[in-house]
Amino acid sequence: MDQTSTDNQGSHILMLKKEMLILHERIMELEKEVKGIQAKCRHVFYETPAARNCIKCHYAESTYY
């Protein structure tokens, strides 16, 4: 099996890890935004025996104890 230079692979891995870090930070920002919206929402729940889900903001909580 042919293998390319490990130096080239090393820089590619570093680039991928940097991109992963940027995406992870963006995900955390989006999760904060969702939580903020859900905290301000006047929930309208759709209830099942196991959970309550807001039909407006998709907030969910378990009712199974």
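Start with Gln38. Setting aside neighbours within four places in sequence, Gln38 is in contact with His43, Cys57, His58 and Tyr59. Keep in mind that this is a predicted model. Gln38 sits in helix H1, which covers residues 6-40.

Is Gln38 buried or exposed? Its relative accessible area is 15%. The cut-off for buried is under 20%, so Gln38 counts as buried.

His58 belongs to the hairpin of S2 and S3. That hairpin has five residues between its strands. His58 takes a positive phi there, near 65°.

Now the pairing of S2 and S3. Strand S3 is residues 60-62, and three bridges join S2 to S3. The two run antiparallel. Arg52 stands opposite Glu61 in S3.

On to S1. Strand S1, residues 45-47, pairs with S2, residues 51-54. Again the sense is antiparallel, over three bridges. S1 and S2 form a hairpin too, with three residues between them. Tyr46 stands opposite Asn53 in S2. Glu47 has Arg52 as its bridge partner in S2.

Three strands form an open antiparallel sheet, in the order S1-S2-S3. Which strands stand at the edges? S1 and S3 do. Each has a single partner strand, so one side of each lacks a neighbour in the sheet. From one strand to the next, the twist averages 20°.

Definitions and conventions:
Residues numbered from 1 in each chain as written. Predicted model: local features only at pLDDT ≥ 70, side-chain atom pairs only at ≥ 80, totals over all residues. Heavy atoms only, no water. Pairing = 2+ DSSP bridges. Helix = DSSP H or I, 4+ residues; strand = E, 2+ residues; numbered from the N terminus. Buried < 20%, exposed > 50% of the residue type's maximum accessible area, 1.4 Å probe, protein only. Contact = heavy atoms within 4.5 Å. Axes fitted to C-alpha atoms, helices over the stretch in contact; angles between N-to-C directions.
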